[in-house]
Amino acid sequence: MVEVQQSVARELDRIGSVIDELGGRFEAAGEQLALVGGPVRDAMLGRLQNDLDFTTSALPEVTERLVSGWADAVWDMGRDFGTIGCRKGPWQVEITTYRAESYDPSSRKPEVAFGDSLAGDLGRRDFTVNAMAVTVPGRLFEDPYGGIADLAERVLRTPGRPEDSFSDDPLRMMRAARFAAQLGFDVAPEVVAAMTAMADRISIISAERVRDELVKLVCAPYPRRGLTLLVETGLAAIVLPELPALALERDEHHRHKDVYEHTLTVLEQAIDLETARGGPDAPPDFVGRFAALMHDVGKPRTRRFAGDGTVTFHHHDVVGAKITRRRMKALRFSNDEIAAVAKLVELHLRFHGYGSGEWTDSAVRRYVRDAGDQLERLHILTRADCTTRNQRKAERLRRTYDELEERVARLSEEEELASIRPDLDGTQIMEVLGIGPGRDVGEAYRFLLELRMDHGPQDPDVVRAALLEWWASR
């Protein structure tokens, strides 16, 4: 407890110039102001960022007047919800009027009413570790729901009954999984029970809000914790049903892996590789991580048992890419994100045709071309997909992929693989063949691209001769 208090004191001293000045302005106007929620929690964990959240007795128009002239910039973040935003130096500040909100059982949007006390405002918050406050400028600590004890025990509880909290805002069930993944905390048994009993309530929440929570969860340090919680409570069956579907019943001969556990392991190994290759300060890569999570979602639909008891999943890569597209579209991801993740899912098995290095340079060129701007992510996913406990096999796969990456690097240096083009452009094709723009030029371009893939850069005269021969044979 003493360590926590010391950590808070250090963090508050670090931001003292902001919180004390701002608190003084509100105090002079007869209003209350308190640093609240995540920033207080993070101060106790020694990881306070530059985003500061405050709650106040002041109405939005009063808040706007009090920060004008003090802040470097002021904006209306959601006046109807009581929130005014501003920037002071490096600090991003949000100030929200005390409030209480709840969801109508059939509505996606909260009904907002302004509250009249700090304790009441804290009581409506999602978890006790987010229901603590520090009043300013006096820096008095407010913890009416035992958040500091739960923080010390690393557990997530709700300030009141979890059933009431989740009824008010069902998205809080997703937030429980997200905070478990971000903080590495356990979730209290009564909270898990309420999530399980009320899982279907998540269906009233918009796809965009669910998506945003899922992205934060996947990009957290401990995504397995959050994903496991979503599966065990039944929430995943609604928001990401492809994940629990991976928990296939084992065949009687145990000839295939537990695909669900394999997937979570691949995700963790992809995160380790992401850090190893990008450096400790590299931001989390959602596209690469989500591809790891979805790479085998085609297996349940393609599973077949052979007569000898073996199991096959033929074309699960292609089927999985289609399933991934549908799910991400339903969750309102951008077209670019959908295309990137689906491409990785579709290509994740390609390396296994490499064998012991039998691919020709032509095959390597096609591997690079098909991966396009997702090549680095494909390297990570392919390596992460090896979860065998057979150390000899794992080492052989690692060495083989090392060799493939070396060949990609060598050919890239020699031939600029990332921007590979035919040896003749469209204008030159028309000149050689004596034709104008049209479909024939496109067909000739594709012929020359395949020629370039097969043989690499060639002398222009050789290419022209090959083009004329192809044209004459049509």
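This is a predicted model: local features need pLDDT of at least 70, side-chain atom pairs count only at pLDDT 80 or more; totals for chains, interfaces and linings use all residues.

Reply: Setting aside neighbours within four places in sequence, Leu293 is in contact with Val218, Leu227, Leu240, Leu243, Leu246, Thr263, Leu264 and Leu267.

Me: Which residues touch the most other members of the largest nonpolar core?

Reply: In soluble globular proteins, nonpolar side chains tend to be buried together. Here the largest nonpolar core has 116 residues, and those that touch the most other members are Leu22, Leu52, Phe54, Ile202, Phe290, Leu293 and Leu404. Helix α8, residues 171–183, gives the most to this core, with 9 residues. Another core lies apart from it and has 11 residues, among them Leu424, Ile429, Leu448 and Leu451.

Me: Which residues of helix α11 are buried?

Reply: An α-helix has 3.6 residues a turn, so residues three or four places apart point the same way. In helix α11 (residues 223–233), the buried residues are Pro223, Gly226, Leu227, Leu229, Leu230 and Thr233. These residues lie on the same side of α11 because they cover an arc of only 155° around the axis. After α11 comes Gly234, with a positive phi near 90°.

Me: In what order do the strands of the open sheet lie?

Reply: Strands of a sheet pair through backbone hydrogen bonds, either parallel or antiparallel. The open sheet in this model has 7 strands in the order β3-β4-β5-β2-β1-β8-β9, and its pairing is mixed. At the edges are β3 and β9 (140–142), each of which pairs on one side only. On average, neighbouring strands of this sheet are turned by 30° against each other, direction ignored. Helix α4 (residues 60–67) packs on the sheet and touches β2 (51–56), β3, β4 and β5; the direction of α4 makes about 10° with that of β4.

Me: What joins Val136 and Pro137?

Reply: The bond between Val136 and Pro137 is a cis peptide bond, with omega about 10°. Pro137 belongs to the loop between β8 and β9. Those two strands pair in the antiparallel sense over 3 bridges, and Val134 has Phe141 in β9 as its bridge partner.

Me: Is His315 buried or exposed?

Reply: His315 counts as exposed because its relative accessibility is 60%, where the cut-off for exposed is over 50%. His315 is found in the loop between β13 (311–312) and α16 (316–330). Although it is not a glycine, His315 has a positive phi of about 65°. Arg154, another residue other than glycine, has a positive phi near 55°. Arg154 lies in the loop between α6 (147–153) and β10 (155–156), and at 38% relative accessibility it counts as partly exposed.

Me: Where is the pLDDT below 50?

Reply: The protein chain has a mean pLDDT of 90, and 93% of its residues reach 70 or more. The pLDDT is below 50 over residues 251–255, a stretch with 9 contacts in the model beyond near neighbours in sequence.

Conventions
Residues are numbered from 1 along each chain as its sequence is written. Side-chain values use heavy atoms; hydrogens and water are left out. A nonpolar core is a set of buried Ala, Val, Leu, Ile, Met, Phe, Trp, Tyr and Cys residues joined through side-chain atoms within 4.5 Å. Buried means under 20% relative accessible area, exposed over 50%, partly exposed in between (1.4 Å probe, protein chains only). Helices (H or I, at least four residues) and strands (E, at least two) are DSSP runs, numbered from the N terminus. Contact means heavy atoms within 4.5 Å. pLDDT is the predictor's confidence in each residue, from 0 to 100. The arc is that of the directions from the helix axis to the C-beta atoms. Two strands pair if DSSP finds at least two bridges between them. Axes are lines fitted to C-alpha atoms, for helices over the stretch in contact, and angles run from 0 to 180 degrees between N-to-C directions.
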